[in-house]
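Here's a quick briefing to read with the sequence and the structure open side by side.

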There are 2 protein chains.
Amino acid sequence: MKATILNIGDELLIGQVVNTNASRMSQMLIAAGIDVCGTYVIGDNGADINFYLRHCLERSDVVLITGGLGPTKDDITKKTLCDFFHSELYENEEALANVKRIFDARGYELTPINRQQAWVPRCCTMINNVVGTAPCMWFELPQANESPDGVNTHPTSQNSPKVVVSMPGVPFEMVNLMETEIIPRLQQHFRTDQIINKNILVQGIGESFLSDLIEPWELALPKSIRLAYLPQAGMLKLRLTARGGHNERPQLEQQIADAVKSLYPIAGQYIVGEDLESLPELVAYTMKRAGKTLATAESCTGGALASQLTALAGASEYYKGGVVAYSNEVKECALGVSHDTLAAHGAVSEETVRQMADGVRQRLGADYAVATTGIAGPGGGTPQKPVGTVWIAVANAEGVTARLLKFGDRRAQTIERTCNAVWSELIKLVNQNNPVKPL
Amino acid sequence: MKATILNIGDELLIGQVVNTNASRMSQMLIAAGIDVCGTYVIGDNGADINFYLRHCLERSDVVLITGGLGPTKDDITKKTLCDFFHSELYENEEALANVKRIFDARGYELTPINRQQAWVPRCCTMINNVVGTAPCMWFELPQANESPDGVNTHPTSQNSPKVVVSMPGVPFEMVNLMETEIIPRLQQHFRTDQIINKNILVQGIGESFLSDLIEPWELALPKSIRLAYLPQAGMLKLRLTARGGHNERPQLEQQIADAVKSLYPIAGQYIVGEDLESLPELVAYTMKRAGKTLATAESCTGGALASQLTALAGASEYYKGGVVAYSNEVKECALGVSHDTLAAHGAVSEETVRQMADGVRQRLGADYAVATTGIAGPGGGTPQKPVGTVWIAVANAEGVTARLLKFGDRRAQTIERTCNAVWSELIKLVNQNNPVKPL
């Protein structure tokens, strides 16, 4: 079963807004077992919308459209879809109640133009958008092989009517609709395969060594389960994907649970977490699991470590805070780095990074601390310490471990890679001192 | 003159990577006076590449392709283009020297597979990619109205041969090629109009008041210059766009310079900067212009203020550092917020945010300081202080100004909007105390 994605909006076409919707939608579709064969960005232009809607219907079973549903004149998606399906607009009661509710909550008066948000084509199923004013519209093609305009389309995989869904382009409204309404309805409508994904995060062993170690386990997996190795910054992700018929979800869930359980006796010492997407999520999980607190001291990462942690809800459970010590004075006054050390070895040195980590841990009263100092560039390099030279450290009450890293001259990349290296070292240390208990 | 963008890669299609290339390319094309009529994401699939290349050639004068140029088997763009243009691959000397240079610099051995990076179709112009190993390829269609396969394409606006450009998908390689090679070559090839954009940033006056104030100036602008109002977070951007013939660049530059100069006597007191893209850039410009230093104290923004500043090169010229005071202990020990204040008013209060700003300014020895404390959510709200309640403060030696903000329950949005509000207040205060001198 195949899907195409059509993102409509002049702001996307001219590059004013980065189109994050396409990748979010693709991820959700693929996780649900629906293949994506193309994504298209076009402007708010009736002829283009018509052309690409036809084109997408020829290529796929479902066309997911975002954008062009606002109340202003330049948003023409709804009118264009209404004409495409030879329908007419009417005021939908449920949609109107939703628009009224949202305007009431914000204390705004409902103008006639805003009221038009509740108008939808008669031929569609209105799907309520509870987090926004533009309703979602679900269209089915009356005949499997022919669109209303007589355009031939290839028969769908399941001989179910083809589907066109129009959603608002506001990312969180789209995500909410996809998760709660569209994906479940598509799975029902097309009786798609059930897909269950399970991620197991591994550290401290190379891909090929792990592969040898778990080969017998892998060979014993049921045929419904596939295994993929996905190396990521600072960790290796093992992804188990179970795929089965429309009604087989309970069996698949059991198979996945059994597979995971039987992996622990073989490779448990390398498993650092399950079902986490990013390194900062893994840090949060690891610190909470160990019941320990953390502080950060940052020079070259300049607050990136802190903001990665605090972007996730619940950071206050383990994160005490940090110091961004951009100037040497701050390294001295806020972290207690010694003036002599800075004079003798410089700000970018093993001695300084060790004192930064130790200083922030003690001053902020945390169990663990991490520190960074380096030359992110493009300026500031010397022959001895070229741009890209970075020292990182991880500390606890037992001591400090420091490491030298060497990157290139791209500032953003150096900051990002330094963060990844810091998180990796921290997770390793915390897990060493607070071993994961066997299940 | 019209362009289409074709981004090739399975990783884009399945949503593993967000396609930032399309928006970056669109911005650059539009700034150069080239319209974008569609952008397409397809997988590493020969049939699709062929189909959409034909499709794009029918719709536009230039097709810009990214991706699929790596040395592995799944990257098939080069081979597919070579077949499309009925050409054959050969080893290009200049491309080979470039690949060797990059491998030497990294200390890697050049394997036969990597050497294949230097092979390009005979019919194309090889454009050296100095920051990566995959060369860029420039193809021209031999006849204006016909592709090599006999597909009819509409005549180009300027009757110049149509152009197909294939670039690597790595964002910084693409950006470097677009800026230094592709845009200038397209302007030359199609003898496009010259476009000059100039941004003037304004604060402290509403759009409609400014519009009234500068109306006589606007009416006196030469016909070649258009004015647009672009409201952004925390500032208003006035964009002047001058457009003229292929050889008129010097005249256009003079017209823009004259227009900007004549705006200052009318609206100079509201102008806070020129040609800056974001609020953090404006903060950096403002602090450097005033020659003052800055410190940050963050609770709910959790390092986002610091990392926005330090993401820009040269931050050490004005940014001393900051404290991420996530826990109350850190607010006390690292910022000197009084225990009694925290007990009586709570961490999210005017009294606390004032002491945070003042404390970090004094302790880090900075001229100015900003502070944030709030409930970013989703947890932690109370009836008196619901999720989204945020206090911000701006301080200098003369005193502290605090402001209450109210946002919703979306964490990332609250953090982002708090940062924008803080930067706005800071720029206002610094400009008040360090007025821009008239030109």
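In chain A, α2(A) passes α7(A) in a right-handed crossing (right-handed if the near helix is turned clockwise from the far one by less than a right angle, left-handed if anticlockwise). Keep in mind that this is a predicted model, where local features need pLDDT of at least 70, side-chain atom pairs count only at pLDDT 80 or more, and totals for chains, interfaces and linings use all residues. Residues are numbered from 1 along each chain as its sequence is written, chains are lettered from A and ligands numbered from 1 in the order in which they are written, and side-chain values use heavy atoms, with hydrogens and water left out.

**How the two helices pack**

- The axes of α2(A) and α7(A) come within 11 Å and cross at roughly 25° (axes are lines fitted to C-alpha atoms, for helices over the stretch in contact, with angles from 0 to 180 degrees between N-to-C directions).
- That angle makes α2(A) roughly parallel to α7(A) (under 35 degrees is roughly parallel, over 145 roughly antiparallel, 65 to 115 roughly perpendicular, and the rest oblique).
- On the α2(A) side, the contact (heavy atoms within 4.5 Å) includes M25(A) and M28(A), while α7(A) brings residues including M174(A), M178(A) and L186(A).

**α7(A) itself**

- Helix α7 of chain A covers residues 171–189 and bends by about 50° at M178(A) (the angle between axes fitted to the seven residues ending there and the seven starting there).
- Helices (H or I, at least four residues) and strands (E, at least two) are DSSP runs, numbered from the N terminus.
- M178(A) is also one of the buried residues of α7(A), and so are L177(A), I182(A) and H189(A) (buried is under 20% relative accessible area, exposed over 50%, partly exposed in between, with a 1.4 Å probe and protein chains only).
- The cover over those buried residues includes α2, β3, β6, β7 and β8 of chain A.

- Most residues other than glycine have a negative phi, and most peptide bonds are trans.
- R191(B) has a positive phi near 45°, sits in the loop between α7 and β9 of chain B, and counts as exposed because its relative accessibility is 51%.
- D275(B), in the loop between β12 and α11 of chain B, has a positive phi of about 55°; at 40% relative accessibility, D275(B) counts as partly exposed.
- G377(A) and P378(A) are joined by a cis peptide bond, omega near 5°, and P378(A) lies in the loop between β15 and β16 of chain A.
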